[in-house]
Amino acid sequence: MTDESPALYVVATPLGHLGDLTQRAIEVLRRVAWVAAEDTRHSAPLLRHCAASARLLPAHEHNEESAAQQIVARLAGGESVALVVDAGTPGISDPGARVVSRVRAAGYRVVPVPGPCAAVVALSAAGVDARHVLFYGFLPSKATQRANALRGLVRLPYTLVFYEAPHRLLATVDALAEAFGPARTLVVARELTKVFEQIHSCRIGEARAWLLADANRQRGEFVLIVSAAEATIEDAAGERVLKLLLGEGLPLTRAVRLAHEITGVARGTLYATALRWQENGP
Ligand code: SAM
């Protein structure tokens, strides 16, 4: 039996192709009394497209707290509300988290209605290893802060996903090259699900020239995907020595200390590897 109690429905909407609006999203938008939208003018045509007669209320980053209060009041009055953003999934580099948290705290149901999200759409067609992914969203726009943020990501063994605006694209690609070096794979996913969709895979060091070769390549909306840091030659040497020492029966901490002294690989890295081997075998 479906639960008919008032709820906040968190509804993902298309990134650019109306056909990507799910059947369930359409049904929810038709059923609710209110749609809380990041930009009510932007979302009005979507409601018309669904033949939904819900009333719109604004819920954007500058009024999220008062919007949350309004939404809780509607729920208290027995009316359900759908939350949408201009494109994609609410709360993902977009407003939504505060509304959801207030509604949850007030004891009402929050029901996700899944659909497009640019990060996931890009990953699905990027052809990179996506077993372990770090979704970063937007990097800081100031160069120094951006460089600092990237420095913290350099050694992470996760595929990295960034959102970027067109006017910062080149600067960000330069910053990626500076931080990560030229060799890692970069996927530039542009205008996903739209007419000029383009998904280009190259080395980070090749990206600047590719973007400059055609002005259109810097137009539109972008997801940037950087392949995970791979173990360096030093890391591999550290692991070899560690395996040898453990194989000789040395206690774990001693083997880690010696492997560190012999190869220079960070103690923490070696320790984590040794523990992993203890659990899962080398
Ligand atoms: N909530 C959205 C989601 O679920 O993906 C993201 C909203 S965020 C404000 C907007 C950013 O998402 C854009 O600057 C771009 O980086 C990315 N994006 C949105 N639509 C896109 C598209 N069609 N193609 C590529 N990137 C897109």
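Q: Which residues does Glu191 touch, not counting residues up to four places away in sequence?
A: In this predicted model, Glu191 is found in the loop between β8 (185-190) and β9 (198-203). Its relative accessible area is 14%, and buried means under 20%, so Glu191 counts as buried. Leaving out residues up to four places away in sequence, the residues it touches are Phe196, Glu197, Arg219, Gly220 and Glu221.

Q: What does the C-alpha trace of the chain span along its principal axes?
A: The domain assignment gives domain 1 (7-116), domain 2 (119-226) and domain 3 (233-280). The C-alpha centres of domain 1 and domain 3 lie 51 Å apart. Along the principal axes, the C-alpha trace spans about 70 × 50 × 35 Å.

Q: What share of the contacts in the chain with a separation of 6 or more comes from residues 24 or more positions apart?
A: Buried residues make up 41% of the 282 residues in the chain. Among contacts with a separation of 6 or more, the share from residues 24 or more positions apart is 67%.

Q: How far apart do the centres of the positive and negative side chains lie?
A: The chain exposes about 14900 Å², and carbon and sulfur atoms supply 53% of that area. Its charged side chains are 30 positive and 28 negative. The centres of these two sets lie apart by 2 Å.

Q: Is Ala51 buried or exposed?
A: Ala51 is found in the loop between α2 (40-49) and β3 (55-58). It has a positive phi of about 55° although it is not a glycine. Its relative accessible area is 60%, and the cut-off is over 50%, so Ala51 is exposed.

Q: What is the phi of Ser93?
A: Ser93 is found in the loop between β4 (81-84) and α4 (97-105). At 32% relative accessibility, this residue counts as partly exposed. Ser93 is not a glycine, yet its phi is positive, at about 50°.

Q: Which residues does Ile92 touch, not counting residues up to four places away in sequence?
A: Ile92 is found in the loop between β4 and α4, and at 31% relative accessibility it counts as partly exposed. Ile92 and Asp20 are 72 residues apart in sequence, with 18 Å between their C-alpha atoms. With residues up to four places away in sequence left out, Ile92 touches Cys117, Phe135 and Tyr163.

Q: How far apart in space are Gln218 and Gly107, C-alpha to C-alpha?
A: Gln218 lies in the loop between α8 (204-212) and β10 (222-226). It is partly exposed, with a relative accessible area of 22%. Beyond four places in sequence, Gln218 touches Pro166, Leu169, Leu170, Leu211 and Leu212. Gln218 and Gly107 are 111 residues apart in sequence, and their C-alpha distance in space is 45 Å.

Q: Why is Pro14 counted as buried?
A: Pro14 has its place in the loop between β1 (7-11) and α1 (23-31). Not counting residues up to four places away in sequence, it touches Asp20, Leu21, Leu46, Asp86, Ala87, Gly88 and Pro116. Buried means a relative accessible area under 20%. Pro14 counts as buried because its relative accessible area is 9%.

Q: How far apart in space are Pro14 and Glu279, C-alpha to C-alpha?
A: The two residues are 265 residues apart in sequence. In space, the C-alpha atoms of Pro14 and Glu279 are apart by 43 Å.

Q: What separates the C-alpha atoms of Leu176 and Pro14?
A: Leu176 has its place in helix α7 (residues 169-180), and at 0% relative accessibility it counts as buried. Leaving aside neighbours within four places in sequence, Leu176 is in contact with Leu150, Phe162, Gly181, Leu186, Ile204, Leu224 and Val226. Leu176 and Pro14 are 162 residues apart along the chain, and their C-alpha atoms are separated by 29 Å.

Key:
Residues are numbered from 1 along each chain as its sequence is written. This is a predicted model: local features need pLDDT of at least 70, side-chain atom pairs count only at pLDDT 80 or more; totals for chains, interfaces and linings use all residues. Side-chain values use heavy atoms; hydrogens and water are left out. Domain bounds come from an automatic or database domain assignment. Helices (H or I, at least four residues) and strands (E, at least two) are DSSP runs, numbered from the N terminus. Buried means under 20% relative accessible area, exposed over 50%, partly exposed in between (1.4 Å probe, protein chains only). Contact means heavy atoms within 4.5 Å. Accessible areas come from the Shrake-Rupley method with a 1.4 Å probe; for residues, only the protein chains shown count as cover. Lys and Arg count as positive and Asp and Glu as negative; His and the chain ends are not counted. The place of a charge is taken as NZ of Lys, CZ of Arg, CG of Asp or CD of Glu.
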